[in-house]
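Student: Please put the structure up, and then let us go through some of its backbone and packing features.

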Amino acid sequence: MSNLEVVLKSKTRATHTIKFRFLLIIFFITVPSIGLMYSHSYKEKVAGIERSIALTQDISYQVEQVQRKVLNNSRLFLKRLSKEDFLQTPNTSLCSKNLASIVELNPSYINIGVPLVNGDLVCNALPLTKEINVSDRDYIKRAIQEKVFSISRFQLDRATDKVSVNFAYPIFEKDTDKVIALLVTVVSLDWWSEQLSFYNLPKDSVAFISDANDIIVASYPKKAGNIGKNISIYNINKNVDQLSSTNRVYSQTRLYQRGDLNPIKFTIGIPINEIIERTDHAFYQSLAINIVIVIILSLLAILYLSKDILFHINQLLKAIDDLEEGKIANFTTHSSANEIMLLSNKFKRMAAKRLQSEEASIAKSQELASIFTALPDTYIRISETAQILDYKSSEADNLEVLIGKSIDDLFELDVLQTFHSNIDKIKKGQEVPPWKYSRHNKNLIDTFEVRIVKINNSDELIIIIRDISNREKAEKLIWKQANFDSLTNLPNRKMFLETLDNEIIKKTYNEQKLALLFIDLDHFKEVNDTLGHHVGDMLLKEVAQRLSHCIRQSDVVARLGGDEFTIIMNDIASTHVIDETAQRIIDKICEPILIGDNTCYISPSIGVALYPEDFSDAKDLIKAADQAMFAAKKTGRNRYNYYQSIMQESAIKRMTLLTDLRSAVERNEFKLFYQPIIDMQTGEIKKAEALIRWFHPTQGIVPPDQFISLAEETGLIFPIGSWVVKEASEKIKLFSSHFGESFQMSINISPLQFMSSHNNNNEWIKTIEEFKHADAIILEITESLLMNATREIRNKFQLFSNKGVAIAIDDFGTGYSSLAYIKEYDVDFLKIDQSFVSSLQAHSEDYALCEAIVVMAHKLGIQVVAEGVETKEQYQLLKLMRCDFAQGYYFSRPCDEEAFTKLQKQFFV
């Protein structure tokens, strides 16, 4: 084979290979392009249908909201109207006349009527031509039976002879919950059809309202032939209208349904024929154009392939080589078929590198886009002249329209002034911290936080805006919860202390005065115990309102907790203002408070402390006002007291005594003394009263009247009382051996010990239960305990009675004595109070009272003990009136165990 034939054969092979591969490339390009066109056309079709669906859903939502509003407005309208006085007597001409006037003012209602509970329509806005009874209507029955707002199905209204939907609301007898009639409004279906025509629907769209049975009752366009037919004629499930063969997308929603309310459906259909035809036409047109272009380009490419392709391939190969070596491209031409393979290999290497770079770039771009989308911030990049170069927000789309505009187009004037001011500062190199601005959004206020930073080595700026409205609301809520009382909405203890500190600082600077009022409600615990804590809470709310009305605008009222309130009175020129305010508070709070069916009576005790006369420190001022309040309670309650320095001394003394009292039991500082009780007829010591004494390490003997009340207030009475019972029980056996087996020990029991139900506070009961000689114990109680006896206290009395323990009523005659209590609780002894005995003389009133008590007690089978006998004359008079027992200094002072055992068994009296 000659050289010429070899060259020709190589060229022919190369030419054939290029054509083949080129045609193959054209084929693989053409087929996907057709697929892409089809995919694009399909997406356009789907997008169009989705827009139609979104439109139907949006309109359905609007109709739903309008109809819900109609429903709610009708309910509120009927509720308010039902309370009118003229409806209490609906069978009058005034009722029909008023309803006719109301219908004229409400075009959405064609009629309003009032049927009685038996269904007779007695009052109507329209003139009645016949007797009408609606008792068979389901919605009428429901409104009467359940006393609630009710809605009918679509029905033929008997008063108007029109198809309608009716609303019913019960009319209650004044000041009761008895239903005397119903208030019924009628909405015509013509009104419903008119409502549908208000929506701007696309051509060939349909809309209709159907009832619970899917029967069409209103439609748009208004077609008389559709009314009364089933919605199945539109073939909603297949999106095809059987009447016109129109393809539509439908959306259906329930206008309202609650409980037994009749469900009403709204359906809207929007045609999609035009969308389908338009996208199909665009696809076929694009397909034809694409095929023509491919054919023409293929013919041109093949025609010039042999002349131009190889030339350019050689140039490209040379250029690639030069670029790989970092040289300028040096183009040369060769006509060898092997260059195709070289071109392919070189292109693959270059393409691989480029793909890697592009993938990295795309990944980075996607990462940044994801970050922007995830962040709740708006990002604006602006030029030096405040022109918007880029805009990104996670809450908005289609923001390209803002690019090129100025930030002046985004913000209001007052906000822009701050923006431009801070931008100028940043341009000058100054540091600008984040700042906030607000924007009104309907009835709400949205708050935003703004940061501006400068891009390095550029004049461009980045503005970052974050919506912090929810954070601001949360912070305000947290602040309110931390500073205001949740029950009364008054400032709480924390807020009060801060306010008081601030006011003292102001008054110190301005050399002004203020007054602090400490208010505690008298006997508030009794309200909680008898009426319940919910009534107590309502009472506190009412007291808070009354206090707020009693003070000046410059004053501050707060609730510290429980039933304690405080008032800070500012700018006090004289105590006259304080007196007026305190008395006004007392008068206002003492007024009866009606809570439900309960009428509560409450009174305040008020303590007043002055700044700076009393104290200049907030804590000391509060203590002073508290002490003054405590003094007001001590002196009778329902009054106000000013602080006096002696109160502080008394409080310190009381606190010191309380501190010592807490450890007195552990340090064994208590000791029992015993005072004998004499049998008046024999003169023998038959009994003794155990009396506690506190041997204080520094103050000496502290009598019970100085620490018993304190022990009761703090709960220390429980361990002290248990110790007394245990100690006295242990001495009974010793004293019985000396004074006889019939000897009895009288022990004073605090009412709190009886009232407590906690096991740890009832150890004294266990001591008596386990004591073998319980019949040698006499428990002395006060009359007040019998008056407030609960079932639990009664059970304890029964327990003691079964054990043989005797009961004595101490200080008889000074309290609320009642024969009923004495008889009911099987009392064994009455102890005549020493106030009657101390001035006892023959033929005196005290003698008559004592004698009457003795006679009465003996008639009831009760023995009598006279307390405080100090003279022989008193003793003889008591013996004369046949009093059973006596005790007092005339016989012996209270003495310790050793001295008591040395007493003679029988006194010479």
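Tutor: This is a predicted model. The loop between β22 (603-611) and α13 (618-634) is a place to start, and P612 is found there.

Student: What is omega of the peptide bond that joins Y611 and P612?

Tutor: Most peptide bonds are trans. The bond that joins Y611 and P612 is cis. Its omega is about 5 degrees.

Student: Is K147 buried or exposed, or partly exposed?

Tutor: K147 sits in the loop between α3 (138-146) and β3 (150-151). Its phi is positive, near 55 degrees, and K147 is not a glycine. Buried would need under 20% relative accessible area and exposed over 50%. K147 has 37%, so it is partly exposed.

Student: What is the phi of D161, and is D161 buried or exposed?

Tutor: D161 lies in the loop between β4 (155-157) and β5 (162-172). Most residues other than glycine have a negative phi. D161, although not a glycine, has a positive phi of about 60 degrees. With a relative accessible area of 51%, D161 is exposed.

Student: How are α10 and α11 oriented to each other?

Tutor: Helix α10 (residues 524-531) packs with helix α11 (residues 533-550) at an angle of about 140 degrees, their axes 7 Å apart. Roughly antiparallel would need an angle over 145 degrees. Therefore α10 is oblique to α11.

Student: How many nonpolar residues does the contact of α10 with α11 have?

Tutor: From α10 the contact takes F524, V527, N528 and L531. From α11 come H533, H534, V535, G536, L539 and L540. By class, there are no charged residues, four polar and, as asked, six nonpolar.

How values were computed:
Residues numbered from 1 in each chain as written. Predicted model: local features only at pLDDT ≥ 70, side-chain atom pairs only at ≥ 80, totals over all residues. Heavy atoms only, no water. Axes fitted to C-alpha atoms, helices over the stretch in contact; angles between N-to-C directions. Helix = DSSP H or I, 4+ residues; strand = E, 2+ residues; numbered from the N terminus. Parallel < 35°, antiparallel > 145°, perpendicular 65-115°, else oblique. Contact = heavy atoms within 4.5 Å. Nonpolar A, V, L, I, M, F, W, Y, C, P; charged D, E, K, R; others polar. Buried < 20%, exposed > 50% of the residue type's maximum accessible area, 1.4 Å probe, protein only.
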